[in-house]
Amino acid sequence: MIFLAPLAAACPSNMSAPADAGSGQGATGAVASAGGMGARGGAGAGGSSGGQGGGAGGGDGGDAAAASDAGGLPFESLTVEVLEKLPHNPRAFTQGLELVGGRLYESTGLYGQSSVREVELTTGAVVRNVPLASNFFGEGLTVVDQRVIQLTWQEGTAFIYDRAMLTEQGTFSYTGEGWGLCYDGSRIVMSDGTGTLQFRDTAAFQRTGQVTVNRPDSVVVSRLNELECVGGSVYANVWMTDQILRIEPSSGTVTGVVDAAGLLSASEAARADVLNGIAHDSTNDTFLVTGKLWPWIFRVRFVSR
Ligand SMILES: [Ca+2]
């Protein structure tokens, strides 16, 4: 989710730039306001948000955690096996990704550029595109039966669309920030930029519970972003890292840490923003992974390393 805006002009005036958006992110409350907007938004109109992105290996706090994973810790240490590269619109500031019934649904962010869309997986062609009003910043999305639900970042509004045509059907309201969303078949799981996952009902989007995500190695978890519910687990990528956590949602325990660094080439990463987007393909038990402004969606398997 969130920022790393490619255009300085996209920054709302009330967002001040932190001196160093790459640090101090552990304080979850600071994430949204610090945002990284100014620091990386200053990269200019080229769309590059700097080296924070995808394949270059991160360079933020997540790496220290990744490095410690190799030490026989009580969770699975995983990496990505790339099976296929599929085209992705490099102008899509991806905030949510989900594949249902062979149809790929994507949410994009930034004020004035946010949308919900259906995309043809094999070609990247946009089948349907519904822009959001310019005062809404699109965030995570999930499909609940015949509805698509899309969060917004700080607007407290979740949009409801019919799945077939992406026609808006109404809204839900919530408090706090909206980052990631997934549906496990009975309840909606939501991230808000902290290390906590919320649970919500599908009828009224009411909050029914929450869990604090914890790693057995005691590394503090925060900035949980795009989500994917798969087989009783919740996968979450961690903002500004190439890490994807596999979480047991009843306890919040991290059972696996995926290091997805290196998917993009150095030159691709220089033009892209962070990894953000996980969709599970149930037909072959693979995952689709992309990021903000990434030129590719990677079909991968998570494998032990
Ligand atoms: Ca997802």
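An open sheet of mixed pairing is formed by 8 strands in the order 14-15-16-17-1-20-19-18, where strands are DSSP runs of E of at least two residues, numbered from the N terminus, and two strands pair if DSSP finds at least two bridges between them. The edges of the sheet are taken by strand 14 (224–230) and strand 18 (275–281), and because each has a single partner strand, one side of each is left without a neighbour in the sheet. From one strand to the next the twist averages 30°, the axes being lines fitted to C-alpha atoms and the angles running from 0 to 180 degrees between N-to-C directions. Within this sheet, strand 16 (residues 243–248) pairs with strand 17 (residues 253–259) in the antiparallel sense over 6 bridges, and Q243 stands opposite D259 in strand 17.

The model is predicted, and local features therefore need pLDDT of at least 70, side-chain atom pairs count only at pLDDT 80 or more, and totals for chains, interfaces and linings use all residues. Residues are numbered from 1 along each chain as its sequence is written.

The secondary structure of the protein chain comes to 4 helices and 20 strands, helices being DSSP runs of H or I of at least four residues. Of the 305 residues of the chain, 49% count as buried; a residue is buried if 20 or more other C-beta atoms, placed from the backbone, lie within 10 Å of its own, exposed if 12 or fewer, and partly exposed in between. Among contacts between residues at least 6 apart in sequence, 56% join residues at least 24 apart, a contact being a pair of residues whose C-beta atoms, placed from the backbone, lie within 7 Å.

The largest nonpolar core holds 68 residues, of which V234, A236 and V289 touch the most other members; such a core is a set of buried Ala, Val, Leu, Ile, Met, Phe, Trp, Tyr and Cys residues joined through C-beta atoms within 7 Å. Strand 20 (residues 296–304) supplies the largest share of this core, with 5 residues. When residues up to four places away in sequence are not counted, A236 touches G180, S191, L224, N225, L227, I244, L245 and I247.

Leaving aside neighbours within four places in sequence, Q169 is in contact with I160, Y161 and D162, while the C-alpha atoms of Q169 and V148, 21 residues apart along the chain, are separated by 9.7 Å.

Conventions: Contact = placed C-beta atoms within 7 Å.
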